[in-house]
Amino acid sequence: QVQLVESGGGLVQPGGSLRLSCAASGVIFSIYAMAWYRQAPGKQRELVAGITSGGSTNYVDSVKGRFTISRDNAKNTVYLQMNSLKPEDTAVYYCNAGAYNSGSYSPGYWGQGTQVIVSS
């Protein structure tokens, strides 16, 4: 049974930092492209950052230079380091284990999500 469990969300002031973690089980973690998506109230879910099985990374323009995705295959865990957070980063963040083909991510398994609120 595949499980993706996110942690690390919470309330942070603008300009602050958070580190999200996603621990995977029930999958051969190293072969999957891992990604973080987010969904703000009233908006569609969007891809925030992805990392291929080979370690190449991609980011949506709005987070470039502020967010860093990384993975530790020995721990079956993917991380999202979020710095210089802005109120518009407020959303539920979801971990995904999927595929990366022809320059795009295809979502597969989803975690339950973790809430990030950026507010003073």
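I worked on a predicted model, in which local features need pLDDT of at least 70 and side-chain atom pairs count only at pLDDT 80 or more, while totals for chains, interfaces and linings use all residues. Residues are numbered from 1 along each chain as its sequence is written, and side-chain values use heavy atoms, with hydrogens and water left out.

I placed Thr52 in the loop between β5 (46–51) and β6 (57–59), strands being DSSP runs of E with at least two residues, numbered from the N terminus. Leaving aside residues up to four places away in sequence, I listed Tyr32, Ala33, Arg71, Tyr100 and Tyr105 as touching Thr52, with contact taken as heavy atoms within 4.5 Å.

I then turned to the largest nonpolar core, which has 28 residues, and noted Phe67 and Trp36 among those with the most contacts inside it; such a core is a set of buried Ala, Val, Leu, Ile, Met, Phe, Trp, Tyr and Cys residues joined through side-chain atoms within 4.5 Å. Elements giving two or more residues to this core include β4 (33–39) and β9 (91–101).

Finally, I traced an open sheet of four strands in the order β1-β3-β8-β7, with antiparallel pairing, where two strands pair if DSSP finds at least two bridges between them. β1 (3–7) and β7 stand at the edges with a single partner strand each, so one side of each is left without a neighbour in the sheet. I recorded six bridges between β3 and β8, and Gln81 in β8 as the bridge partner of Arg19.

Technical notes
Buried means under 20% relative accessible area, exposed over 50%, partly exposed in between (1.4 Å probe, protein chains only).
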